[in-house]
Amino acid sequence: MTVSNLKALLTEDLAALAHAIREANQRASQAGQSVFGPQALDQQRQIQYAAFRELAGDPFSVRIDAICNGKEAKRLYLTKARQGLALQGGAHIISWTSPLARLRLFDLGEEEEIVVPKGEQTYRVDLRGRFQVQQGDLRNGRYEALSGAFDFASARQTIDAATSDLRPEGPVAAAAFGLREIIFETDRTQDTYLRMPLRGHLVVEGAPGSGKTTIALQRVAYALEAQHDELDIPRDAPHFTEESTLVVTYSDILVRYLERLLKELRIPQVPVISIDAWTRNLLDGAHALDNVKADPLKDSKALAAIKTHAAILEPLKSWTVQSLRGRWPSALAVLEAHFDQCLGPKDARRAEYLREIGEAERGLRSGSLRLGKLVSAFRIANEHFSRERDSAQAIAVREGLNAFASQVVNHGEVYLGFLQSEAFAGHANALVEAKVLSRTAAENALREARSHATEGRIRKNDRPLIGWMVRWMSDGVPSAPTVRFVKPWERVSHLVLDEAQDFSPVESRLLLELADTKYRCVTAVGDLMQRLKFPGGLPSWPDGGFSLGGGDGQVGLFRKNYRQTRELGELAASYYRAHFGTTAPFEAREDLSGQKPELIQGGNVEARLAELASRVIKLKREHPEWSIVLICDDDELREQVADIVKPLLQEHHISCRRSKAVDLHNRDTVHITPTLHTKGLEFDCVGLIEPGRAKRNMTEDQLLRSTYVALTRAARHLVVTAPRKLTTPLAELQSHFELRPVRQDSNE
């Protein structure tokens, strides 16, 4: 069985309909009618034209005339467009939720099964050829079969030629940074984990450029469609929606990137937020930082290790319960006196409010932080004063209750007390006993914590811990009425964590609390070897709170590095084997070869940077569409790079800037940035500048992982600068590079 014909974008169908429209226009003109365009067709053809136009505007549509089930030829339309299209003449429309994830049609010599929606009919199609995508667009490629080859014109040219005088809508633009390439190369492993049950935790590990993020976002689309069949959820009452899904990632740069990918997948309403922004919103909503000040200083590594270790949560919760118990009596005495003044000691309403508050206090005595009963006092007060909410008495009651809540539930003050407590010191000592920290480092960290706590200042690593206090106090809290310091916990139907290895154990566990309790649907993607937060990232997935055993969750591994050329993939694999002690759990592409990585070596640093600039200029001339980034992890050297390289590039009208935020939309600008700000991104060319110099700012483990991340950002080419002797971490890998010596004497 072979494919008899394969054509993209329904070229003949559109052309035939366009011809029919032109004939109808001519007839209408001759008859003196004022109806032109598709409206001049009969109703059946109007429906047909509308369907073809929708298919034509879909970047993931293709028409196949193929031998199916070993019998007669069938015309199949494969599309990502919404279901419900009506076509006549025995055509079959097959929709899917994620582009080519279930329709791996273009693998060499594979027989594929295509299922019509609702299980009406199954087609088995045998394709014994290879489909090659050009310019990242399914509609612009070449199909090579035993019987011949078929070329497909570009999508835009085909639409314009077929309906030039009908003013068609423009096709969806192709995405940058390889999204569609990964989509079209979707393999069986990715497809398997895309379709994992929508219950529990799914963690996907994988090589750089293996499609982890793409599959995670496709899984969002899959959940929207598959929930009805897999979980028997009624279609008129979906559990998984775009708005009830949440994607959390590592940085604001990645937020913008993921938002663009979601638009490509046609689910643009899915919220995306960085971990820092999410934590900030959580604390602001509960007014948790009203009485403290932000400290711009960063924690020392030892103090950060103490604050981000998951073991801190138990002593923090115990301290919070103990503190609220201690603050309760004095606050209650003030509230009783206030009620006596505004209501009178014998007012029955006073007794109701105090009864609810008393039940909340009894919960505290039993070790619970459920403050729902405290909110009930506000609810009862609202009911009492429903008809006179603005009366002086109603305002006085609400003010008294808010003052009580403020005095008892003062997150910032309670937390600052914890930093100065024996409970915090005990946690630090436990880490010393576990050999996480040295005794000296722990003692210095405790002094540091007491110092900024005494000043009433909160640092970045404190925010997730205060977020946990908000979480604990939210149990049992209704969504109404609104109380200033106590908030309900808002859950999501599907939680997606991107670059999850760089969330701290405290952050990761707090985020997992967002998953609804019915399905606990969480999709997390990351690579533990790419962890750049030290300390603070995840040593392992269980440390982050993921349930992956006993049928509660799954871990998947994507092995294929789709991003890089064969030469770059082999370099990444050799680096992994040399520094991480095992064979790389991924494989390089064999079908995409490129230039050997270059090593600019010798001379002084100024000469090497000048040579790097000349290489960038040449690459920009040869490949003007390429995105190029210069990565440097030494702060002082990064300034020098900007001073030397930027003027040289500007002489050739190449934009260059030193930046923390990489502008993904501006591929013409050469960015100078540290590795941290390229996390999760890819570029056609990476210039890695003096990786050995970063040792001054990092531990050895940090340096190894940071260099690994930098190497794997390059998709097409890599240029490294180094002194005469290639130092750690690339010293063992010189054979992978094409040497470009600098002839100037070294002053280093």
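Predicted model: local features only at pLDDT ≥ 70, side-chain atom pairs only at ≥ 80, totals over all residues.
Two residues are in contact here when heavy atoms lie within 4.5 Å. Leaving aside residues up to four places away in sequence, Leu497 touches Val248, Phe503, Leu511, Leu512, Thr523, Ala524, Val525 and Phe546.

Leu497 also belongs to the largest nonpolar core, which has 98 residues; together with Trp278 and Leu495, Leu497 touches the most other members. Helix H10 (residues 313-342) gives this core its largest share, 11 residues. At least three residues come from each of domain 2 (188-271 + 483-558) and domain 3 (301-458). In soluble globular proteins, nonpolar side chains tend to be buried together.

Trp278 brings us to helix H8 (residues 275-285), whose buried residues are Ile275, Ala277, Trp278, Thr279, Leu282 and Leu283. An α-helix has 3.6 residues a turn, so residues three or four places apart point the same way. The elements below are among those covering the buried residues of H8.

| Covering element | Residues |
|---|---|
| Strand E11 | residues 245-249 |
| Strand E12 | residues 272-274 |
| Helix H17 | residues 462-474 |
| Helix H18 | residues 505-512 |

After H8 comes histidine 287, with a positive phi near 50°.

Now for the whole chain. The protein chain has 22 helices and 24 strands, and 56% of its 748 residues are buried. Among contacts with a separation of 6 or more, 73% join residues 24 or more positions apart. The chain exposes about 31800 Å², with carbon and sulfur atoms supplying 46% of that area.

How values were computed. Residues numbered from 1 in each chain as written. Heavy atoms only, no water. Helix = DSSP H or I, 4+ residues; strand = E, 2+ residues; numbered from the N terminus. Buried < 20%, exposed > 50% of the residue type's maximum accessible area, 1.4 Å probe, protein only. Areas by Shrake-Rupley, 256 points an atom, 1.4 Å probe, with all protein chains shown as cover. Core = buried A, V, L, I, M, F, W, Y, C linked by side-chain atoms within 4.5 Å. Domains from an automatic or database assignment.
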